[in-house]
Amino acid sequence: MAAIPNFFIVGAPKCGTTALYEYLRPHANIYMSAVKEPHFFADDLGRYPLIKTPQEYARLFEASTANHLAVGEASVYYLRSLAAIPNIRGFNPDAKLIAMFRNPADVVYSLHSQLLYWSEETVEDFEAAWRLQERRARGLDVPPTCREPFLLQYREIGRFGTQTERLLAHFPRARVKLIVYEDFAASPRKLYEEVLEFLGVPDDNRTEFPPVNENKRAEVTWLRDFMRKPPPRLRHAYRRLKRTVGPQRMSTLTRKLLELNTVKARRPPLSPELRAELVDTFREEVARLALILDRDLSHWR
């Protein structure tokens, strides 16, 4: 009989969650949902959750066995959601939660790049996108390719102090593992050991921790947008082609085209003025998180 999840990686985006998910997946005593980021419990995020019914959610874990001591999933916007953590508490009050953080100024800049790559964002210049937050909160200037406008509210994404306070209001500190990305990057093996101990599973002596989810961009933006989210007037033709060649072959073809159109790329540094603005914006949130972690994060501020 399949087990219900007993741990959740709840966020935050661009803080190493994908890497941790990939490192945990091969462990013989850990079962991770093959669908990363189902966001089932974030029912306040509109259409964004990929999995929407209890039946669909249960199927994600039907292949788990008694050998899997830890059964989990990773949905990075659970931390951002107002509903997800209380919903997880109602689903499994004994669950363990993992949250990962880095300097929110770096997070929002990195997130902008990822949203561009996934065609959720269309404003190429980060500062221009940052300035649009108030208008977008009123439903203006939201790209038609964006699934949900909350994704473009960069300021809200980076409110790590407030989000962690909310998390700890629903789960006791002993059931929550808070990770600073700098520690994870500096010594992935050490943090990996800590996570295994937190989850109550034996060490599998993993030694390889390759980079995961590095920054990337599309070489040809119109091709990126077309392949990911065809414009309405072309969707019928796209679906007809998919039926003609078959869904699996079309999926393979789409993936290959996206890979060919993808290059790894370092983002240029933020201007000193914009970085100073971001640091000031998140100053109080960083102070709150530092207090919770009992850690000096002054270099973020």
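**View A. An aromatic cluster built from ring pairs.** In this predicted model, ring pairs join Phe8, Tyr31, Phe40, Phe41, Tyr57, Phe61, Tyr78 and Phe91 into a cluster. The count of aromatic pairs in the model comes to 21.

**View B. The pair formed by Phe8 and Phe41.** The ring centres of Phe8 and Phe41 are 5.8 Å apart and the planes meet at 85 degrees, so this pair is edge-to-face; the cut-off for that class is an angle over 60 degrees. Phe8 belongs to strand 1 (residues 7-11), whereas Phe41 lies in the loop between strand 2 (30-32) and helix 2 (54-59), so the pair ties together parts that are 33 residues apart in sequence. Phe8 has a relative accessibility of 0% and therefore counts as buried. Phe41 is also buried, with a relative accessible area of 5%.

**View C. The pair formed by Phe126 and Tyr154.** The rings of Phe126 and Tyr154 form an edge-to-face pair, with 5.8 Å from centre to centre and 80 degrees between the planes. Distant parts of the chain are linked here: Phe126 is in helix 5 (residues 126-131) and Tyr154 is in helix 7 (residues 154-157), 28 residues apart. Phe126 is buried at a relative accessible area of 4%, and Tyr154 is buried at 0%.

**View D. Charged side chains over aromatic rings.** Lys96 is placed over the face of Phe198, at 5.4 Å from the ring centre. In a second example, the charged end of Arg267 sits over the ring of Tyr109, 5.3 Å from the centre of that ring.

**View E. Cysteines Cys15 and Cys146.** The count of disulfides in the model comes to 0. Cys15 counts as buried, at 0% relative accessibility. Cys146 is buried as well, with a relative accessible area of 6%.

**View F. The largest nonpolar core and the surroundings of Leu199.** The largest nonpolar core holds 80 residues, of which Leu24, Ile88, Ile98 and Leu199 touch the most other members. Leaving aside neighbours within four places in sequence, Leu199 is in contact with Phe7, Leu24, Ile30, Ala70, Lys96 and Ile98. Among these contacts of Leu199 is Lys96, the residue that also lies over the face of Phe198. In soluble globular proteins, nonpolar side chains tend to be buried together.

How values were computed. Residues numbered from 1 in each chain as written. Predicted model: local features only at pLDDT ≥ 70, side-chain atom pairs only at ≥ 80, totals over all residues. Heavy atoms only, no water. Phe/Tyr/Trp six-rings, centres within 6.5 Å; stacked < 30°, edge-to-face > 60°. Helix = DSSP H or I, 4+ residues; strand = E, 2+ residues; numbered from the N terminus. Buried < 20%, exposed > 50% of the residue type's maximum accessible area, 1.4 Å probe, protein only. Lys NZ or Arg CZ within 6 Å of the ring centre and 35° of its normal. Disulfide = S-S within 2.5 Å. Core = buried A, V, L, I, M, F, W, Y, C linked by side-chain atoms within 4.5 Å. Contact = heavy atoms within 4.5 Å.
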